[in-house]
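Please consult the sequence and the structure shown here alongside the text.

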Amino acid sequence: MARRALRSAASALGLLAGAGAAAFAYGSLVERKAFTLREVSVPVLPAGAEPIRVLHLSDMHMAPWQREKQEWVRSLARFRPDLIVETGDVLGHARGIEGVRAAYQDFRGIPGVFVHGSNDYFGPQLKNPLKYFLGPSKKKASTAPRLDTAALTAFFRDLGWTDLDNRAAGLEIRGTHLEFFGVDDPHIRFDRVESIPGALDELREDDPFSDDDTWPDGGPRKERQAVTIGVVHAPYRRVLDAFVTYGASMIFAGHTHGGQVCVPGFGALVTNCDIPRAQAKGLSVWRHAFRSAYLNVSAGLGTSIYAPVRFACRPEATLVTLTAAV
């Protein structure tokens with residue numbers, strides 16, 4: 001009887017191990033490369049405004065040999081977005097900038113904004129994945145290899161994109177004035193949320209028409225409404241709350257990988273920050289102090305080279321169409 005029970009237990013363990021190996025193989029060899037474009041619409045523009053197509057890219061974790069990912073990202077230029085929002089963790093290797101240049105080359109001339117993530121400063125490290133269940137991961141700057149952040153920033157600026165790391169900026173897209181503010185990565189405490197009000201004040205003071213009652217087309221100033229957009233890599237609650245307080249109607253973020261390894265029907269097991277699991281990816285509404293903003297968290301397109309697996313969480317980019325509010 002005891003032997004039969006032992007054989008049954010061994011058989012069950014064998015089946016479990018086999019299923020785990022099959023799931024890992026699928027997640028590593030198939031789903032990790034099943035790149036997906038998610039499309040959503042968000043009603044945040046003034047009445048009568050033309051739609052604005054925003055390509056949201058995040059968490060590329062690029063290594064130079066990842067040609068399939070580079071080609072897929074480059075192919076997104078065919079959608080002719082009006083704006084690109086890049087929410088960080090673009091680098092994933094000491095020579096990752098080589099793959100980034102190959103992937104992003106066709107976006108030159110398209111307006112864009114970007115912030116950095118921790119992996120744009122520090123290279124990947126081998127970690128015990130079970131530690132993610134104990135709380136957000138921590139970068140040990142003393143042991144992590146430094147990456148060429150300056151080269152990444154220079155490349156993005158050469159594309160014509162605007163750096164929003166603890167900064168604010170304005171862009172005119174399809175006749176609508178967009179007002180952006182962003183912070184450097186909160187995951188490693190590089191953010192300076194307290195700098196946002198001053199940056200916005202400076203941006204508004206620099207408006208060349210701030211002392212005029214009309215815009216260049218002759219229309220009254222009150223008819224031109226700015227749409228305020230917040231951009232951050234890691235969507236920590238304190239930052240999202242601040243963004244809503246400072247007037248964002250739309251927020252873009254990344255970092256979570258959507259959980260990366262999810263349970264079908266349950267979703268993300270971890271988020272690697274303090275955002276609720278239910279908002280670890282996709283479009284939702286973030287509410288704070290009787291105000292709210294739309295929040296799009298990208299599940300990202302990559303993984304660490306030391307954890308090359310996704311399960312029930314495809315790598316993604318997002319095409320977000322901003323439309324006029326009803």
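## Overall architecture

The structure is a predicted model. Its secondary structure consists of 6 helices and 14 strands. The protein has 326 residues, and 51% of them are buried.

Of the contacts between residues at least 6 apart in sequence, 73% link residues at least 24 apart. The protein has an accessible surface of about 15600 Å², and carbon and sulfur atoms account for 55% of that surface.

## Thr153 in helix H4

Thr153 lies in helix H4, which spans residues 149-159. The relative accessible area of Thr153 is 12%; because this value falls under 20%, the residue is classed as buried.

When neighbours within four places in sequence are set aside, Thr153 makes contact with Phe114, His116 and Asp163.

## A negative surface patch

Four residues, Asp201, Glu202, Glu205 and Asp206, form a patch of negative charge on the surface.

Asp201 has a relative accessible area of 42%. This value lies between the limits of 20% and 50%, so Asp201 is described as partly exposed. Thr153 in helix H4 is, by contrast, buried.

Notes: Residues are numbered from 1 along each chain as its sequence is written. This is a predicted model: local features need pLDDT of at least 70, side-chain atom pairs count only at pLDDT 80 or more; totals for chains, interfaces and linings use all residues. Side-chain values use heavy atoms; hydrogens and water are left out. Helices (H or I, at least four residues) and strands (E, at least two) are DSSP runs, numbered from the N terminus. Buried means under 20% relative accessible area, exposed over 50%, partly exposed in between (1.4 Å probe, protein chains only). Contact means heavy atoms within 4.5 Å. Accessible areas come from the Shrake-Rupley method with a 1.4 Å probe; for residues, only the protein chains shown count as cover. Patches are made of residues with over 30% relative accessible area and no salt bridge: like charges are joined within 9 Å, nonpolar side chains (Val, Leu, Ile, Met, Phe, Trp, Tyr) within 5 Å. A salt bridge is a side-chain nitrogen of Lys or Arg within 4 Å of a carboxyl oxygen of Asp or Glu. Lys and Arg count as positive and Asp and Glu as negative; His and the chain ends are not counted. The place of a charge is taken as NZ of Lys, CZ of Arg, CG of Asp or CD of Glu.
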